[in-house]
Amino acid sequence: QVQLVESGGGSVQSGGSLTLSCAVSGHIDSRNCMGWFRQAPGKEREGVAAICSGIGLTLYDDSVKGRFTISRDNAKNTVYLQMSSLKSDDTAMYYCAAAVSVYVPGGWYNKRAYSYWGQGTQVTVSS
């Protein structure tokens, strides 16, 4: 049974920083892709970043490039999302997701291709 548990969300002022964590339990190959997605009220869930260790890629949505960093600590079975220079547009529920392969069919942002999801952690950025 695979479980993903996010933590680290909270309220922060514009320009601030937060680091989200996703603790992974159960068997997930460390080479498989892991992603972070977010969903704001009234909007669709969208891809933020992904890390595909098996093929040596980290990928980001254009809206977060240069501000967010995704990383993975295999010894701790944890995936991180470091967020800096936060903006009010970053306000959303953030979800961690795990794929069952080293690549994501249809592209890293294809949420249908991820098999496991966490419950989410709320990030609120006030201006």
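## Largest pocket

R38, Q39, A40, K43, E44, E46, D89, T91 and A92 line the largest pocket of this predicted model. A pocket here is an open set of points on a 1 Å grid over the protein atoms alone, where a 1.4 Å probe fits, with protein on both sides within 12 Å along at least five of seven lines; lining residues have an atom within 4 Å of a point. The pocket has a volume of about 170 Å³, counted as the space filled by probe spheres set on the points, which are joined across faces, edges and corners. Its lining has 2 nonpolar, 2 polar and 5 charged residues.

The model is predicted, so local features need pLDDT of at least 70 and side-chain atom pairs pLDDT 80 or more, while totals for chains, interfaces and linings use all residues. Residues are numbered from 1 along each chain as its sequence is written, and side-chain values use heavy atoms, with hydrogens and water left out.

## R38, a lining residue

R38 is one of the lining residues and lies in strand β4 (strands are DSSP runs of E, at least two residues, numbered from the N terminus). R38 counts as buried because its relative accessibility is 6%, buried meaning under 20% relative accessible area with a 1.4 Å probe and protein chains only.

The side chain of R38 makes a polar contact of 2.8 Å with that of E46 and another of 3.0 Å with that of Y94. A polar contact is a pair of N or O atoms within 3.5 Å, one able to donate a hydrogen and the other to accept it; residues adjacent in sequence count only if both atoms are side-chain atoms. R38 and A92 are 54 residues apart in sequence, yet 5.8 Å apart in space, C-alpha to C-alpha.

## D90

D90 lies in the loop between β8 and β9. With a relative accessibility of 1%, D90 counts as buried. Its side chain is joined to that of R67 by a polar contact of 2.8 Å, and a polar atom of the D90 side chain lies 2.8 Å from the backbone nitrogen of K87. Beyond neighbours within four places in sequence, D90 is in contact (heavy atoms within 4.5 Å) with residues including R38, F68 and V125.

## Nonpolar cores

The largest nonpolar core has 28 residues, and M34, W36, L81, M83 and Y94 have the most contacts inside it. Among the strands that each supply at least two residues of this core are β4 (33-39), β8 (78-83) and β9 (92-98). A second, separate core of 10 residues includes F37, C52, A99 and A113. Such a core is a set of buried Ala, Val, Leu, Ile, Met, Phe, Trp, Tyr and Cys residues joined through side-chain atoms within 4.5 Å.

Terms used
Nonpolar A, V, L, I, M, F, W, Y, C, P; charged D, E, K, R; others polar. Buried < 20%, exposed > 50% of the residue type's maximum accessible area, 1.4 Å probe, protein only. Helix = DSSP H or I, 4+ residues; strand = E, 2+ residues; numbered from the N terminus.
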